[in-house]
Amino acid sequence: MPQVKDGVEDVSRAYVLYIITTIFTAATFITTTARIGTKLKCKLRLGIDDWLIMLGAALNIVADGFDYKATASGFGRHSVFLSEADLIEAAKYSQLAVGVANWSIGVVKLSVCFFLLNLIRGTHKRFRWAIYGMIALTFSFTLIGAILWGTQARPLAKLWDPRIPGTRGSTEDFLIVVYIVYAFGCFTDVFYALSPVYFLWSVQLEWKKKLPILLLTGCGILVVVVAVLNIIFARDFLDQEDSTWALTNEFICDIIERNFSTVVANLPALWLLVVRLRRKYTTYQKESSNNRSGYLPPRLAMSQRSMVISGTGKAQVSSQALDSHEMTEFSDNSHLLRSMPQYPAAAAAAHRIHVQTDVEVQDEPRNGPIPDGARLNV
């Protein structure tokens, strides 16, 4: 039976925090690794959006680590059941998670901006300027949020340790800042989720090619839903007496929002890479099929060229001489001619050998069938 103190039961939601943090940390790591790893495997150059998404994912994982530490210290339980040291530790790591999360969300959104710029490169001039404006606003709000978070208390450690001498700003003022930052976050999430519709809707592409990108990018609407929940739960910041319990919902939404935004940012890029890999694989299959059927690229094709085997059985280049390039290619396999079987003089007066591929030489009889052993397969 749970312990009861001051009319409050000792219940914990730490397991919820652990499960959600683990799932979304793994999703962030897997999708980012798949995106970057696939590009490196294909020997593609990493763009600014790729470097930013790596930075954003790394910051997300660091913030998740702080959330793990805060949960282990007692976050998700009522404060009345925690020791003073545990309260300070839980508050410290939860605040550090907030500070890092501010930068991670901003960097991921900047990555999306540069991805969109790369997607519409050379077109939609007005839309490009709109994205440039979003880059400036995103960076500005991220910087403002970091400054406001860092100036809540002087010294900063006063933010989680009330024993340290210093000053701390009012929670009400901080809540106003939270509302502004979250509202701007919702606006940018809507922009990033729906903007591809603007320039992909009229593009002359098959719907089976456009629809996946639109759907994957549209997943950002789910991020907007979580961001709205963040605004709803933000008022729990006012409960300073039982913050480790009251802010649990807020922190769950924060973990989901910043990690899921990274996952959504990776999905369109991963889809484009998958399409490119599939196209390369299809091309490779066609080339392999052509090679097996005797097809040669023009550089190696030696059709309409022939060698004449005289009645003595010695190979000679015919009067249809090879040009210098083809002669070089042919001479690489000249050692094969010396190992050809000698025809008896009475067997055939002359036979013409056509070099059809770089791996097969076939005899075509001019005066009757070729004796046994006269067919050469290299």
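Start with helix 3 (84-119), helix 4 (125-150), helix 5, helix 7 and helix 9 (248-292): each supplies at least two residues to the lining of the largest cavity. Helices here are DSSP runs of H or I with at least four residues, strands are runs of E with at least two, and both are numbered from the N terminus. This is a predicted model, in which local features need pLDDT of at least 70, side-chain atom pairs count only at pLDDT 80 or more, and totals for chains, interfaces and linings use all residues. Residues are numbered from 1 along each chain as its sequence is written, and side-chain values use heavy atoms, with hydrogens and water left out.

**Stop 1: the largest cavity**

The largest cavity holds about 480 Å³ of space. Select V98, N102, I105, V181 and Y182, which are the closest to its centre among the 29 lining residues. A cavity is a set of points on a 1 Å grid over the protein atoms alone, where a 1.4 Å probe fits but cannot get out; lining residues have an atom within 4 Å of a point. Points are joined across faces, edges and corners, and a volume is the space filled by probe spheres set on them. Now color helix 5, which gives the largest share of this lining, eight residues. By class, the lining of the largest cavity has 17 nonpolar, eight polar and four charged residues. Ala, Val, Leu, Ile, Met, Phe, Trp, Tyr, Cys and Pro count as nonpolar; Asp, Glu, Lys and Arg count as charged; the others, Gly among them, count as polar.

How many cavities of 30 Å³ or more does a search of the whole structure find? It finds four.

**Stop 2: the second largest cavity**

About 210 Å³ of space lies in the second largest cavity. Select V112, Y192, S261, V264 and A265, the closest to its centre of the 16 residues that line it. Helix 3, helix 5, helix 7 and helix 9 each supply at least two lining residues here. Helix 3 gives the most, with six. The lining of the second largest cavity divides into eleven nonpolar, three polar and two charged residues.

**Stop 3: an open pocket**

Move to the second largest pocket, with about 630 Å³ of space. A pocket is an open set of grid points with protein on both sides within 12 Å along at least five of seven lines. Select A91, Q95, L159, R168 and Q240, which lie nearest its centre among 31 lining residues. Helix 3, helix 5 and helix 8 (243-246) each supply at least two residues of this lining. Helix 3 has the largest share, seven residues. The lining of the second largest pocket has 14 nonpolar, eleven polar and six charged residues.

**Stop 4: salt bridges**

A search of the whole structure finds nine salt bridges. Each is a side-chain nitrogen of Lys or Arg within 4 Å of a carboxyl oxygen of Asp or Glu.

Select D50 and R35: their closest N and O atoms are 3.0 Å apart in a salt bridge. D50 lies in helix 2 and R35 in helix 1, so the pair ties together parts that are 15 residues apart in sequence. Both D50 and R35 are buried, meaning under 20% relative accessible area; exposed means over 50%, and partly exposed lies in between (1.4 Å probe, protein chains only).

Next, show D64 and R258, which meet in a salt bridge at 2.7 Å, N to O. D64 lies in helix 2 and R258 in helix 9, so this pair ties together parts that are 194 residues apart in sequence. Both are buried.

R258 and D254 are four residues apart in helix 9, separated by about one helical turn.

**Stop 5: loops and backbone**

Select K43, in the loop between helix 1 (14-41) and helix 2 (48-73). Phi of K43 is near 60 degrees, a positive value in a residue other than glycine. Why does K43 count as exposed? Because K43 has 77% relative accessibility.

Go on to P155, in the loop between strand 3 (153-154) and strand 4 (167-168). The peptide bond from R154 to P155 is cis, with omega near -5 degrees. Most residues other than glycine have a negative phi, and most peptide bonds are trans.

Finish at W129, in helix 4. W129 counts as exposed, at 57% relative accessibility.
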